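Subject: Structure handover

Hello,

Please find the structure below, followed by notes on what was found in it.

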Amino acid sequence: DQEIEGLAVYPNPTRDILTVKAPMQITGVEVRNVLGQMMMINTTVSNEVELNIASLSAGSYFVRITTDSGSKVVHIVKQ
């Protein structure tokens, strides 16, 4: 995973809305559980993506953010 300059994922921990923000176009956001199972995918191309994760169970998740300049995995906690 590359470092994506200026990437922000917040709030963390969160209960419902997770915001992913980057200075460049985000081309995909995937949310996986600790077993690696795909829980959610968003392919909206934008500089800011809001995910409603209210339906997910409380626990740890891994969010893969993909941009034209690379991808990065961020650990988040759902309360």
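A residue is called buried under 20% relative accessible area, exposed over 50%, and partly exposed in between, with a 1.4 Å probe and protein chains only. By that scale lysine 21 is partly exposed, since its relative accessible area is 36%.

Two remarks on the source. This is a predicted model, in which local features need pLDDT of at least 70 and side-chain atom pairs count only at pLDDT 80 or more, while totals for chains, interfaces and linings use all residues. Residues are numbered from 1 along each chain as its sequence is written, and side-chain values use heavy atoms, with hydrogens and water left out.

Salt bridges

The structure has two salt bridges, a salt bridge being a side-chain nitrogen of Lys or Arg within 4 Å of a carboxyl oxygen of Asp or Glu. In one of them, lysine 21 meets glutamate 48, at 3.8 Å from N to O. Lysine 21 belongs to strand β2 and glutamate 48 to strand β4, so this pair ties together parts that lie 27 residues apart in sequence. Strands (E, at least two residues) are DSSP runs, numbered from the N terminus. Glutamate 48 is partly exposed, with 34% relative accessibility. Glutamate 30 and arginine 32 also form a salt bridge, with 3.4 Å between the closest N and O atoms. Arginine 32 is partly exposed as well, at a relative accessible area of 30%.

Strand pairing

Two strands count as paired if DSSP finds at least two bridges between them. β2 and β5 run antiparallel and are joined by seven bridges; glycine 28 has threonine 66 in β5 as its bridge partner. β5 and β6 are also antiparallel, with nine bridges between them, and a hairpin connects β5 to β6 through two residues. Across this pairing, valine 63 stands opposite valine 74 in β6, and tyrosine 61 has isoleucine 76 in β6 as its bridge partner.

Nonpolar core

A nonpolar core is a set of buried Ala, Val, Leu, Ile, Met, Phe, Trp, Tyr and Cys residues joined through side-chain atoms within 4.5 Å. The largest one has 19 residues, of which Leu7, Val9, Leu51, Ile65 and Ile76 touch the most other members. Two or more residues come from each of β2 (17–33), β4 (46–52), β5 (59–67) and β6. β2 gives the most, with six residues. Contact means heavy atoms within 4.5 Å. Apart from neighbours within four places in sequence, isoleucine 76 has contacts that include Val9, Leu18, Ile53, Tyr61 and Val63.

Surface patch

Val34, Leu35, Phe62 and Val73 make up a nonpolar patch on the surface, with about 370 Å² of accessible area together. Accessible areas come from the Shrake-Rupley method with a 1.4 Å probe, and for residues only the protein chains shown count as cover. Patch residues have over 30% relative accessible area and no salt bridge; like charges are joined within 9 Å, and nonpolar side chains (Val, Leu, Ile, Met, Phe, Trp, Tyr) within 5 Å. Valine 73 lies in strand β6 (residues 70–78) and is partly exposed, at 31% relative accessible area.

Cis peptide bonds

The bond from tyrosine 10 to proline 11 is cis, with omega near -15°. Another cis peptide bond joins asparagine 12 to proline 13, with omega about 10°. Proline 11 lies in the loop between β1 (8–10) and β2, and proline 13 lies in the loop between β1 and β2.

Regards

Technical notes: Helices (H or I, at least four residues) and strands (E, at least two) are DSSP runs, numbered from the N terminus.
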